[in-house]
Structures are given as C-alpha cells and as structure tokens.
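Have a look at the sequence and the model below.

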Amino acid sequence: MPLETNMPIYVAGHRGLVGAALVRALSAQGYTNLVLRSRQELDLTEQLAVRRFFEDERPRAVILAAARVGGIRANNTYPGQFIRDNLLIQDNVIDAAFRTGVDKFVFLGSSCIYPKLAAQPIKEEALLTGPLEPTNEAYAIAKIAGVKLCQALHREFGFNAISLMPTNLYGPGDNFDLQNAHVLPALIRRVHEAKLRGEPRVTVWGTGTPRREFLHVDDLADAVLYLLQTYSGEPIVNIGWGEDVTILELAELIASVVGYTGRLDFDPSRPDGTPRKLLDVSRLRALGWHPKIPLAAGIDSTYKWFSNNAVAARL
C-alpha cells in the first residue's frame with residue numbers, strides 16, 4: 001500500500017522505544033500528518049475513549065506499538081497486569097480500526113510468542129507448537145491473541161492487517177529502570193554505574209549461556225515502514241538480525257563500549273529464561289529487507305544516548 005505523505009497515520013505508543021523510532025522514521029521520510037496521543041490524552045484500555053478517538057480522527061494507517069512491556073523481573077512480578085492491559089489495548093485498537101475502515105493496520109508482537117524450546121532459528125510456523133517460556137507467558141499469550149484477532153479479521157472481512165514479530169530491541173529511548181528493563185539496557189546502566197563508582201565487579205543474572213538476538217530499534221522502524229507499504233499477507237513476519245550472541249558475550253561487549261575493566265560475575269541462582277531465541281528471517285529477506293546497524297555500533301550509539309539523557313532514560 002503506497003502511503004501519501006499527508007495521509008493521517010496513527011502511531012499508538014509514540015513515546016515508547018518503538019513508537020518514538022517510528023515517529024523519527026516517518027518524519028524523516030516526509031510524512032507530515034502523524035496522529036499522536038499520549039497515555040494521559042488517550043487511555044487505550046478504555047474502549048469507548050478509543051472508539052471516539054478513531055471516529056473523530058479517522059486515521060488511514062495505524063501502527064500499534066503501544067503495550068505494557070518489561071524484562072524477566074517485571075513479567076514475573078506483574079503477570080496479571082501484563083495480560084490484562086495488553087489484551088485490552090490490542091482489542092480496543094484493532095476493533096476500532098476495523099470498525100472505522102482503516103486502510104492498513106500493523107500489529108507489532110514479540111518473539112516471545114514462540115515456544116520456549118522451539119527449533120532454532122525460529123520459523124513463523126513454530127507458533128503454538130509447544131509450551132511458552134513461563135517467565136513471560138502472560139505477555140506472550142496476549143500477543144498471540146492479537147495476532148489471531150488480526151488474522152481472523154483479515155480472513156473473514158479482508159481487514160488489511162499485518163502482524164510483525166520483532167526480536168529483542170534496543171536503542172535510544174530505551175527503559176533503563178533496573179526493576180523493569182530488558183537485559184541490554186539494564187546491563188548498560190549497571191556497567192556504567194559500576195565504572196563511575198569504581199566497583200571491581202558487576203553481577204549479571206543467570207549463567208551467561210543463553211543466546212539472544214538483538215535489533216536496533218531504528219532498524220525495526222525501517223522494516224515496519226517498508227512492510228507497511230509492500231506487504232499485505234495474513235502470515236506473520238519475523239523481524240530480526242538473523243544472528244545471536246550469548247549473554248556473556250553481550251556483557252563483555254557492553255563492558256568494552258562503556259570502558260569498564262572490572263570483573264563480570266554471573267549468578268546461576270537467577271533465572272536464565274529461554275535457552276536460545278533466534279528468529280528465522282528468511283521470509284523477511286525474501287520480501288526484500290535487511291538490517292543495517294551492527295550490534296557493536298548500535299550499543300555504542302545507545303550508550304552515548306544514555307550518557308547524555310539521564311533524565312529521559314526512565315531511571
């Protein structure tokens with residue numbers, strides 16, 4: 001679907017990591033009619049408010065980047081909030097977009113929708129073929145429901161919705177709160193603070209052996225806009241780099257970028273989560289998109305943003 005630069009495009013969750021990157025990418029490509037609402041202006045868990053918003057604004061394209069997100073600790077501590085809020089947000093926004101005849105809808109899910117022990121790299125067809133990782137099951141179930149709702153409306157009514165499954169994301173604007181952050185930004189903050197304090201060691205959760213794939217959020221935004229204009233299929237599409245690293249390798253890379261020379265200690269009493277999570281990106285590459293920001297360069301730019309934006313870094 002070709003996008004006109006003046007068409008109204010609603011980015012739900014524009015202040016989050018992904019939403020902000022989408023706004024940057026859309027603005028850089030000349031789109032001038034972005035429809036944006038903060039959580040204070042529009043509570044996406046309130047169905048009537050969402051319906052009124054869509055009826056009043058009539059966006060032609062919608063990218064759903066709003067969600068309650070967090071790392072292992074947050075998912076373990078607040079499973080009720082994670083499943084409730086995400087189900088409400090998704091259902092309200094998807095339903096309102098469908099009812100008001102939105103031309104193109106993008107649902108952003110997560111690689112955590114796949115089974116804990118899925119064959120690696122994970123193909124899109126692995127969905128619902130095995131048990132989920134218990135530490136993020138609530139979030140994953142909500143995201144799976146969103147995928148299935150989009151697919152059902154696509155199949156029954158021709159609703160032009162696509163579902164994209166990003167791998168682990170990072171970049172400027174990430175959440176560096178140690179209670180809720182994902183592993184990469186949490187490690188950046190902890191290693192940075194250890195360096196400032198002159199601490200001789202940093203303790204890292206788990207054994208260091210799990211493997212994770214990381215994609216810079218600006219690469220994700222580029223992929224989303226590319227697929228928004230070129231893809232209209234019902235099957236989900238993985239969005240990732242296609243390569244992974246161990247948590248040990250990640251921690252060592254972050255220490256190198258930060259300039260920390262102390263010791264990294266791993267605490268095996270803490271949960272590792274899924275042993276490996278690498279996405280198969282064959283479908284994405286066949287559609288013609290490839291990432292551009294290598295992990296080392298991405299961590300370097302993210303650390304520079306963190307160092308210069310302590311107040312904005314959600315500490």
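Buried here means under 20% relative accessible area, exposed means over 50%, and partly exposed is in between (1.4 Å probe, protein chains only). Phe-159 is buried, at 5%, while Phe-98 comes out partly exposed at 26%.

This is a predicted model, where local features need pLDDT of at least 70, side-chain atom pairs count only at pLDDT 80 or more, and totals for chains, interfaces and linings use all residues. Residues are numbered from 1 along each chain as its sequence is written, and side-chain values use heavy atoms, with hydrogens and water left out.

## Rings that pair up

Rings of Phe, Tyr and Trp (its six-membered ring) pair if their centres lie within 6.5 Å; planes under 30 degrees apart are stacked, over 60 edge-to-face, and the rest tilted. That gives nine aromatic pairs. One of them is Tyr-10 with Phe-54, edge-to-face because the planes sit at 85 degrees, with centres 5.7 Å apart. Both residues, Tyr-10 and Phe-54, are buried.

Phe-98 and Phe-159 also pair edge-to-face, with centres 5.7 Å apart and planes at 75 degrees. Ring pairs join Phe-98, Phe-105, Phe-157 and Phe-159 into a cluster.

## Helix H7

Helices (H or I, at least four residues) are DSSP runs numbered from the N terminus. H7 covers residues 217–230, and its buried residues include Val-217, Asp-219 and Leu-228.

Methods. Helices (H or I, at least four residues) and strands (E, at least two) are DSSP runs, numbered from the N terminus. The expected span of a helix is 1.5 Å times one less than its number of residues.
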